[in-house]
Amino acid sequence: LVLPVLTAGMVGLYDLTSAAITWRRLTVAAQSVAEIATEMSAQPNGTNVITATQAWQASTAAFAIFPQWQQPEMAGSYAITLSSVVYVATPAGCTENCSYVPNTAWSVAMDPGIDQTRPCGALAEVPDSQANALTTLPIDLNGPTPVVIADVAYIYQPMFLTFITGPVAMLRSAYLPPRIGTASQYVHYTPGGTGATCPGY
């Protein structure tokens with residue numbers, strides 16, 4: 001009578017522990033991608049420019065943490081996205097007591113992997129406690145300083161509890177300001193995945 005209960009508890013604990021470890025690794029992967037991208041975009045002349053090739057190179061930091069993603073069959077289970085968000089002051093031209101609206105300046109999804117980018121236009125601001133999403137930003141980031149965002153997503157497959165939970169979609173994001181100057185400009189050319197600069201940027 002006890003054995004089935006103990007077995008179920010053990011396999012459940014295994015999947016929960018594995019999910020927690022994966023969640024933490026996704027966090028580290030997003031932070032690593034963002035740090036490398038902001039470093040590569042900082043130019044000696046004080047500007048921030050990152051090419052498609054450099055963006056792809058930054059994204060490969062995730063492969064050091066998830067080496068299995070380099071297998072072709074894994075391409076549909078993860079996504080690595082780099083974006084730049086600028087805060088537009090309102091009313092236009094204000095210098096004091098401004099309100100700031102976050103807008104996506106550019107967003108690029110790295111190949112291989114799932115093609116998912118942040119939408120152009122204004123992003124909703126949500127409490128830090130709310131789950132990450134490609135259409136939102138933590139409200140604590142609000143201000144005049146632009147941010148570079150690395151989003152790393154993964155479809156986690158529990159080993160034993162898949163019949164209960166099914167695949168679990170995980171997304172972790174890292175937010176870093178440009179190392180120097182203002183917002184980062186993205187220069188798109190092959191290679192480097194899909195994505196584009198948004199209108200007005």
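This is a predicted model: local features need pLDDT of at least 70, side-chain atom pairs count only at pLDDT 80 or more; totals for chains, interfaces and linings use all residues.
Select Trp-106 to begin: this residue is buried, with a relative accessible area of 2%, where buried means under 20% relative accessible area, exposed means over 50%, and partly exposed is what lies in between, computed with a 1.4 Å probe on protein chains only.

Residues are numbered from 1 along each chain as its sequence is written, and side-chain values use heavy atoms, with hydrogens and water left out.

Now show the whole chain as a cartoon. There are four helices and ten strands in the protein chain, helices (H or I, at least four residues) and strands (E, at least two) being DSSP runs numbered from the N terminus. Along its principal axes the C-alpha trace spans about 70 × 40 × 25 Å, and 39% of the 201 residues count as buried.

Next, select the loop between β2 (78-90) and β3 (99-109), where Pro-91 lies. The peptide bond that leads from Thr-90 to Pro-91 is cis, with omega near 0 degrees. In the loop between β2 and β3 you will also find Asn-97, a residue other than glycine whose phi is positive, near 50 degrees. Most residues other than glycine have a negative phi, and most peptide bonds are trans. Asn-97 is exposed, with a relative accessible area of 78%.

Finally, turn to the aromatic rings. A search of the whole structure finds five aromatic pairs; rings of Phe, Tyr and Trp (its six-membered ring) pair if their centres lie within 6.5 Å, and planes under 30 degrees apart count as stacked, over 60 as edge-to-face and the rest as tilted. Select Phe-63 and Tyr-78, whose ring centres are 6.1 Å apart and whose planes stand at 90 degrees, so the pair is edge-to-face. Because Phe-63 lies in helix α3 (residues 61-65) and Tyr-78 in strand β2, the pair ties together parts that are 15 residues apart in sequence. Then select Phe-66 and Trp-69, a stacked pair with 4.3 Å from centre to centre and 5 degrees between the planes; both Phe-66 and Trp-69 are buried.
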